[in-house]
Amino acid sequence: MNAHVTELLALAAAGALDRADAERVVAHLGECAACAARADEWRELADALRRLPAPRLEPALAARTREALEAALAERAERAFNRAALAFVVGLAWTLAIVGWLLFDLVAGELALRLARPIGSLAAWYASYLLAGWLAAGAAAVLLGRRAQEQEGRTV
Amino acid sequence: MEADREDAARLCRGDTSGLAGLMERHQGRLFRYLLRLLGDRSVAEDVFQQTWLTVAGRIRRYDASRPFLPWLVTVARNLALDQLRRRQLDSLDEADEPVAPPSGSDPFERALARQSAARVEAALAALSPLDREVLTLRFEDELALPELATTLGVPLPTAKARLYRALERLRGKLLAPAAGRTP
């Protein structure tokens, strides 16, 4: 008779033996009544574990989870949209600034010719124009942000 | 698995119908896993919600060439273990507990003859969270041993050893009352 395989029986019932060990167990069980009886006990326990009733998932929990997820996904989508919108607006602002410089140069040159007198440094005029533009945009962003925060505060 | 892959791809695109499909197929098993691991329904419900929120946030990290359930369980496991650590509910691994009571097939046979689902469930509930986890993953979720090892984040032999110890401890719990009543 082969050596007893008691140590392997639990894992055999769990289907967790490699092929060599599984073959060893099968060969041994054919000739050892004690191990065969113990193997039956382990099999019964394994079957009992497989047949355990599944705990009931409350439909309300599933519904709440789905709602929370949809809200999170919507928020994520909104954040992605906001990031894209911000990137677009920044790109547009730089484009306008560059195009504005060309136009400003053209218009200021024409103006100086018509007035027949110097109108000062073009770069200084343009820097003032840009600064005023950015300050106005910044103030608008702050005001819009505050308004959005107030609206969020009212809805919570 | 194909359905999981398609739903995960939908969810990556922000389409919530993908989420509905994934939840429909896996929510029952996920909840059972969490309940077995945490042993407390209200905590399991919290972690269940957190798990799905985390899944929605990290769905791009899911490798669609692999089954979805082990990945889902890994996400849930990390959250549940954090929760257990925070709550300090229990020692995660009862290494000092005797593995099994004195052997002998008679009391075990008697115990098994009386066993019912409720009895096995009660014995299971008396185990440590990590023992409950390995048993529910193998027997209820029917994860193959390599998937089990991946989910637990341990090498295959370690997963096997954990499964063995958990089974022996469960057997010990089932035998304990019977042994106590035996003259």
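Trainee: What percentage of the residues of chain B count as buried?
Mentor: Of its 183 residues, 50% count as buried, that is, under 20% relative accessible area with a 1.4 Å probe, protein chains only. This is a predicted model, where local features need pLDDT of at least 70, side-chain atom pairs count only at pLDDT 80 or more, and totals for chains, interfaces and linings use all residues. Residues are numbered from 1 along each chain as its sequence is written, chains are lettered from A and ligands numbered from 1 in the order in which they are written, and side-chain values use heavy atoms, without hydrogens and water.

Trainee: How many helices and strands does chain B have?
Mentor: Nine helices and zero strands, taken as DSSP runs (helices H or I, at least four residues; strands E, at least two).

Trainee: Switching topic, how many residues of chain A and chain B are in contact?
Mentor: 36 residues of chain A touch 44 residues of chain B, with contact meaning heavy atoms within 4.5 Å.

Trainee: And how much area do the two chains bury between them?
Mentor: Chain A and chain B bury about 3600 Å², 67% of it on carbon and sulfur atoms. Buried area is the accessible area (1.4 Å probe) that two parts lose on being put together, summed over both.

Trainee: Which elements of chain A give two or more residues to that side?
Mentor: They are α1 (6–13), α3 (33–50) and α4 (59–115) of chain A. The largest share, 11 residues, comes from α4(A).

Trainee: How many salt bridges are there between chain A and chain B?
Mentor: The count is zero, a salt bridge being a side-chain nitrogen of Lys or Arg within 4 Å of a carboxyl oxygen of Asp or Glu.
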